[in-house]
Amino acid sequence: MVQSLQYSIELVKEEARRLVAKGVVSRQQPIYTLCQFVPVREWPLIEAELERCDFMLRDRIGDLIGRECWDND
């Protein structure tokens with residue numbers, strides 16, 4: 001039985017934040033950079049969720065994850 005995967009925009013944002021925090025990607029890179037970290041068969045689901053939420057693949061990762069909050073300013 002094949003299970004249908006669901007991706008919420010919050011899940012995509014959280015994964016992008018994690019990759020930025022680890023220094024794997026930059027906030028300045030386009031969102032499509034994230035496809036390297038997602039299994040190929042799952043990327044169309046994520047792409048559809050991004051489009052549903054009015055994000056374009058050429059938008060910056062920083063636009064997707066929003067402002068950073070620092071606890072130790």
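**View 1. The order of elements in the protein chain.** From the N terminus on, the elements of the protein chain run α-α-α, with 3 helices and 0 strands in total, where helices (H or I, at least four residues) and strands (E, at least two) are DSSP runs numbered from the N terminus. The model is predicted, so that local features need pLDDT of at least 70 and side-chain atom pairs count only at pLDDT 80 or more, whereas totals for chains, interfaces and linings use all residues. Residues are numbered from 1 along each chain as its sequence is written, and side-chain values use heavy atoms, with hydrogens and water left out.

**View 2. Helix H1 and its buried face.** Helix H1 covers residues 9–21, and its end C-alpha atoms are 18 Å apart, in agreement with the 18 Å that its 13 residues should span at 1.5 Å a residue, the expected span being 1.5 Å times one less than the number of residues. The buried residues of H1 are Ile9, Val12, Lys13, Ala16, Leu19 and Val20. Seen down the axis of H1, these buried residues fall within an arc of 125°, so they line one face of the helix; the arc is that of the directions from the helix axis to the C-beta atoms. They pack against helix H2 (43–52) and helix H3 (61–65), contact meaning heavy atoms within 4.5 Å. Just after H1, glycine 23 takes a positive phi of about 80°.

**View 3. Glutamate 49 of helix H2.** Glutamate 49 is found in helix H2 and is buried, with a relative accessible area of 11%. A polar atom of its side chain lies 3.1 Å from the backbone nitrogen of isoleucine 9. Not counting residues up to four places away in sequence, glutamate 49 touches Tyr7, Ser8 and Ile9.

**View 4. The largest nonpolar core and isoleucine 61.** Among the 17 residues of the largest nonpolar core, Leu34, Ile46, Leu50, Ile61 and Leu64 touch the most other members; such a core is a set of buried Ala, Val, Leu, Ile, Met, Phe, Trp, Tyr and Cys residues joined through side-chain atoms within 4.5 Å. H1, H2 and H3 each supply at least two residues of this core, and the largest share, 5 residues, comes from H1. Leaving aside neighbours within four places in sequence, isoleucine 61 is in contact with residues including Ala16, Val20, Val25, Pro30 and Leu34.

Technical notes: Buried < 20%, exposed > 50% of the residue type's maximum accessible area, 1.4 Å probe, protein only. Polar contact = N/O pair within 3.5 Å; in protein donor to acceptor, adjacent residues only side chain to side chain.
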